[in-house]
Amino acid sequence: MFINYFRKRSIQFDEIEKYSNYGIFFISLLSIYWNLFGFDNYYHVFSTYFCYFMIDSLFLPYHKKDMILHHGMIMIFLLYSLNSTREFHNQIISVLIQCEYSSLFLSMMKFLKTLAKKKNYYFKTVYLINNICFFVSFFYYRIYHLTYAFYFNPKTLKVFEEKNKNGMILKLFIDSTILLFTILNYFWMYKICSLLIKRIKQNK
């Protein structure tokens, strides 16, 4: 972890994982709130998200390269959105915020899994429902909605075109980042489906 460069005693991720899940839970709830009720000052959104992803990046273990890449791309999008129009925030940033909806269920997964091991029917049911909600929300917001918004929605494409009309290099850089971000989410979806299929086969 990057944070260990600034500490005398190294921290292991297992020691802070539950605090990391608290952070994911909080930012997910905040994402839902902002999308439901909107936001008057975008800089509050920018500063909250940028600080969260930057700090969380410091505590990610090196083997979580996909998460480090994810956080880096989110921060690029946030910087890119500065001094943008309200329409840009509504069309682009709101899509990225909605991607965090599935993280709400992800943050509770380990805690609920521990309870489910107690062989209590109620805990097992809650754990199963949480996993289903995670799968459905991940597919909808990070695959279907993200793909449509960034590649097929005329309003979004128009906003990108207006934002990048004065810089070809910037356009190429952002287009590449969007493509990489999309591929990363598809890769995660593949891993989730592979794990799901494996567990179904084990339970037969």
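Reader: What makes Asn130 count as buried or exposed in this model?

Author: The model is a predicted one. Asn130 has a relative accessible area of 5%. The term buried applies under 20%, and Asn130 is therefore called buried.

Reader: Where does Asn130 lie, and with which residues is Asn130 in contact, leaving aside neighbours within four places in sequence?

Author: Asn130 belongs to helix H6, which covers residues 121-151. With neighbours within four places in sequence set aside, its contacts are Phe105, Met108, Met109 and Leu112.

Reader: What makes the approach of the Asn130 side chain to the backbone oxygen of Phe105 a polar contact?

Author: A polar atom of the Asn130 side chain lies 3.0 Å from the backbone oxygen of Phe105. The limit for a pair of N or O atoms is 3.5 Å, and the distance of 3.0 Å is within that limit.

Reader: Why is Ser103 called buried?

Author: Its relative accessible area is 8%. As the cut-off for buried is under 20%, Ser103 is therefore classed as buried. Ser103 is part of helix H5, residues 101-116. Apart from neighbours within four places in sequence, Ser103 touches Ile24, Ser28 and Arg142.

Reader: How do you know whether Glu161 is buried or exposed?

Author: For Glu161, in helix H7, the relative accessible area is 59%. Exposed means over 50%, so Glu161 is exposed. Between the C-alpha atoms of Glu161 and Gln98 the distance is 22 Å, with 63 residues separating the two in sequence.

Reader: What makes H4 and H6 roughly antiparallel?

Author: Their axes cross at roughly 170 degrees, and helix H4 (residues 86-99) and H6 come within 10 Å of each other along these axes. Angles over 145 degrees count as roughly antiparallel, and the two helices are therefore given that name. In H4, the residues that meet H6 are Ile92, Val95, Leu96, Gln98 and Cys99. Their partners in H6 are Tyr141, Arg142, His145, Leu146, Ala149 and Phe150. This contact divides into 8 nonpolar, 2 polar and 1 charged residues.

Reader: How do you know that the radius of gyration of the protein chain agrees with that of a compact globule?

Author: For 204 residues, the globule rule gives a radius of gyration near 17 Å, and the protein chain has 18 Å, so the value agrees with the rule. Along the principal axes, the C-alpha atoms fill a box of roughly 60 × 45 × 30 Å. Of the 204 residues, 43% count as buried. Among contacts between residues at least 6 apart in sequence, 71% join residues at least 24 apart.

Reader: How many helices and strands does the protein chain have?

Author: There are 8 helices and 0 strands. Read from the N terminus, the order of elements is α-α-α-α-α-α-α-α.

Notes
Residues numbered from 1 in each chain as written. Predicted model: local features only at pLDDT ≥ 70, side-chain atom pairs only at ≥ 80, totals over all residues. Heavy atoms only, no water. Buried < 20%, exposed > 50% of the residue type's maximum accessible area, 1.4 Å probe, protein only. Polar contact = N/O pair within 3.5 Å; in protein donor to acceptor, adjacent residues only side chain to side chain. Contact = heavy atoms within 4.5 Å. Rg over C-alpha atoms; globule rule 2.2 N^0.38 Å. Axes fitted to C-alpha atoms, helices over the stretch in contact; angles between N-to-C directions. Parallel < 35°, antiparallel > 145°, perpendicular 65-115°, else oblique. Nonpolar A, V, L, I, M, F, W, Y, C, P; charged D, E, K, R; others polar.
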